[in-house]
Amino acid sequence: MTTVTTRANRRVRMIASSPPVLIGIARIGDLLIVLIAGWLAYVLRHDTLTMPVAYVAAIGVALALTANAFQVAGLYRFGVVETVGGQLGRIIGGWTAVSLLLLAIGFFSKTSADYSRIWVGIWLGLGFVAIVVFRLGMARRIESWKQSGVMQRNAVVVGAGAQAERLLRYVAEQKSELGVEIVAVFTVRPNAGRRDVLGTPVRGDLNDLLLFLRGNQVQEVMVALPWDDEEQIAEVLTRLREAPVDVTLAPEPLGYRLMERRVRHLGGLPMTVVQEPPLSGWNYVVKGLEDRILSALIIAAISPLLALIALAVRLDSPGPAIFRQQRYGFNNNVFTVFKFRTMRTDMGDARGGAQATRGDPRITRLGAFLRRTSLDELPQLFNVLRGEMSLVGPRPHAVAHNEEYAQLIDQYLGRHKVKPGITGWAQIHGLRGETDTPEKMERRVQYDLYYIDNWSLWLDIRILIRTIFVGFVHKNAY
């Protein structure tokens, strides 16, 4: 019985101390939940265990969408999986994306009538609740493993110089997060002359290291040697081939400044990605679908309001209902932005060089109301539908302002790494209206760059929700 228990504990320790295994469990668990929730919802709705092919196909599509949407939402990063607070918002965002995409596929393929709406509702609701319970339960389990020491990985370091000191210092600072305990240091050559490195004992050379690995529970060997010392590194790696442990190579000093950067392979050569477009790959696809689907739905829902405002603008003052102005968009490309006209046509400013001010005589009676409530921005939904803008992103500035502030504010043009938006992170934080000083614009730019660097589907959803409550009306909108 004791032997069986010991083996079980070893298996648990092996699983708990391997982030890739835990990520794999999370992936499989999510997909099983989607599958089982779909089948169970059908049983509850139709009181039969046999599902038609069309329903099976729908679940198959949902599995593919879930795998990709959750990947984009960051739900398969270990730093997210292990925390309770870091998952809930991402799950909401990812599952909302899956639900919207399923509904869009059903709508555009004209197959939505083939499925029971009650079944869809039960499936999506049950799936969401089950995924939340599963993920939070998994996070709690990982936390308990951390507290009991089950997740701790014992490691040794090869090298006793500056590289090793830097690595030991970093591991000590991040110990609670990493779950790694460095138990010993070994040198490449015998009689290196050091008894310890930052308090961690030096146990000998490579021969002593191999004996130490056989007699102790060690899961990883970290080689901390200068990368230009190729002969020593090659010797260490050759000697460690016979050891059943993970062997990793500690980075050069620059590597500590490039943490969490993605690695991609050029042929077989690993390359650290220092910079890439903020929206690429699946992120670009998800953002595009979010914009096109939601903008089309919003336009359909508020089309009577759009027509009513257009008529009111025409009746209020002479001129067209829609105002068109050139603005800079993605990658500094110029496009034509649409707005309801709020100024008199004989006092307009095509380049937008003169900002609107409080009590501006150019603004019409109706225009003041439209600007104060941001209803003048609604025609930009058509810019979104055309692919020129996004629902969420940095606000597009007039050509004159763009050229002026690009010379005054550092990284100002970094705003154009994504499409401009109708609303944004800066707007929901009250940074709207006139920017009569460079300081005001600089603060807005800082918020825009934060959004670009931290984009996620969940962040977009948060901004859209907050826009409904705080983003339309503001004292600075005039």
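Hi everyone, let's start with helix α2, residues 19–46, which gives seven residues, the largest share, to a nonpolar patch. Helices here are DSSP runs of H or I with at least four residues, strands are E runs of at least two, and both are numbered from the N terminus. A quick word on the source: this is a predicted model, where local features need pLDDT of at least 70, side-chain atom pairs count only at pLDDT 80 or more, and totals for chains, interfaces and linings use all residues. Residues are numbered from 1 along each chain as its sequence is written, and side-chain values use heavy atoms, with hydrogens and water left out.

Back to the patch. Its members on the surface are Ile 28, Leu 32, Leu 35, Ile 36, Trp 39, Leu 40, Leu 44, Leu 49 and Leu 126, together about 830 Å² of accessible area. Areas are Shrake-Rupley values with a 1.4 Å probe, and for residues only the protein chains shown count as cover. To join a patch, residues need over 30% relative accessible area and no salt bridge, with nonpolar side chains linked within 5 Å. A salt bridge would be a Lys or Arg side-chain nitrogen within 4 Å of an Asp or Glu carboxyl oxygen.

Take Leu 35, in helix α2: it counts as partly exposed because its relative accessibility is 40%, between the buried limit of under 20% and the exposed limit of over 50%.

Now the strands. β5 (residues 220–223) and β6 (residues 246–249) pair in parallel over four bridges; pairing takes at least two DSSP bridges. Val 223 sits opposite Leu 249 of β6.

Finally, the whole chain has 17 helices and twelve strands, and 43% of its 478 residues are buried. Thanks, everyone!

Key. Patches are made of residues with over 30% relative accessible area and no salt bridge: like charges are joined within 9 Å, nonpolar side chains (Val, Leu, Ile, Met, Phe, Trp, Tyr) within 5 Å. Buried means under 20% relative accessible area, exposed over 50%, partly exposed in between (1.4 Å probe, protein chains only).
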